[in-house]
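Trainee: I am new to this structure and would like to learn how to read its pockets and its aromatic rings. Could we begin with the pockets?

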Amino acid sequence: MLTAAQASDYEEQGYLVLPGILARAAVETLVRASLALVDGFDLAAHRTVFSTKDADAGRDEAFFASAEGVRCFLEEDALDEAGELRCPPRLAINKIGHALHDLVPEFRDFCRQPLFGELLRDLGYRAPVLWQTMVIMKPPHIGGEVRWHQDATYLITTPPCVTGLWVALEDAHRGNGCLWVQPGGHHGPLRERYEIDWSTRRGELRRLHAMPWPTDADAVPLEVPAGSVVVFHDHLPHYSAHNHSDASRSAFTMHVAERRAAWSPSNWLQRPRLGYFEI
């Protein structure tokens, strides 16, 4: 799947961009399935907002339950002062997660494409296990910023071995909130760790290292067409800006770990019922 040069670039830079490698039909299937989930979700009963501006203090039971379910989470600007939607549901959703690969046939079939297993084995995996999937909707005008972070903050393994696979379902560019990364930043320390005390069912985001987050001068935008895949290391700092444009920037993300690695019992994401999903 990968050339030796691509594998070397990934080791050096912490990410790899594979432009337009997915069939258009496969991408369109995920887009339709995502919209069907939004249309069928009971937003009158479930109005949990997802934001990265609160140091993850807003995580609730709906969020924890989504580890083995499929939930829609709202953008923080989607609700007015009375808690009513300002816009149609399709334009109000921040993300859908986090067990799409287990519970939604279109996503399950997509994740089982051989190319993903081949790609991960080219990066050194022996038995890659898919722990988490989500659709990031990034709707026009209100698609929220996702602050600088590292995935190992939220998905803790021993040894660290989480890889993100970010699939562009629509064209991503600076105008609609594409990913930004710090090339080589994965060689630096893990800055934060988010852990759950399950006795109180409360999470805490702890600062581990004082190294500042990248500046604009340190970062590069990943402007990619629909059907592209971005692979990134769990220590790679990355973020995406607010979407002020008229165009959405939806993406599908998979997070994978090595099966033999220990999954932290303090991770927010636990899968006691669903177990392993190998790819």
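Mentor: Rolling a probe the size of a water molecule over the atoms shows where empty space is left. Here the largest pocket holds about 300 Å³ of space. A pocket is an open set of points on a 1 Å grid over the protein atoms alone, where a 1.4 Å probe fits, with protein on both sides within 12 Å along at least five of seven lines, and lining residues have an atom within 4 Å of a point. The points are joined across faces, edges and corners, and the volume is the space filled by probe spheres set on them. This is a predicted model, in which local features need pLDDT of at least 70 and side-chain atom pairs count only at pLDDT 80 or more, while totals for chains, interfaces and linings use all residues. Residues are numbered from 1 along each chain as its sequence is written, and side-chain values use heavy atoms, with hydrogens and water left out.

Trainee: Which residues are the closest to the centre of the largest pocket?

Mentor: Among the 16 residues that line the largest pocket, those are Leu-123, Tyr-125, Pro-160, Cys-161 and Thr-163. By class, its lining has eight nonpolar, four polar and four charged residues, where Ala, Val, Leu, Ile, Met, Phe, Trp, Tyr, Cys and Pro count as nonpolar, Asp, Glu, Lys and Arg as charged, and the others, Gly among them, as polar.

Trainee: How do I read the aromatic pairs?

Mentor: A pair of aromatic rings is described by the distance of the centres and the angle of the planes. The structure holds 13 aromatic pairs, counted when rings of Phe, Tyr and Trp (its six-membered ring) have centres within 6.5 Å, with planes under 30 degrees apart called stacked, over 60 edge-to-face and the rest tilted. Phe-63 and Phe-73 form an edge-to-face pair, at 5.7 Å centre to centre and 65° between the planes. Since Phe-63 lies in helix H3 (residues 61-65) and Phe-73 in strand E2 (residues 70-74), the pair ties together parts that are ten residues apart in sequence; helices (H or I, at least four residues) and strands (E, at least two) are DSSP runs, numbered from the N terminus.

Trainee: Are Phe-63 and Phe-73 buried or exposed?

Mentor: Both Phe-63 and Phe-73 are buried, meaning under 20% relative accessible area, with exposed over 50% and partly exposed in between (1.4 Å probe, protein chains only). Both also belong to one aromatic cluster, together with Phe-50, Phe-64, Trp-198 and Trp-268.
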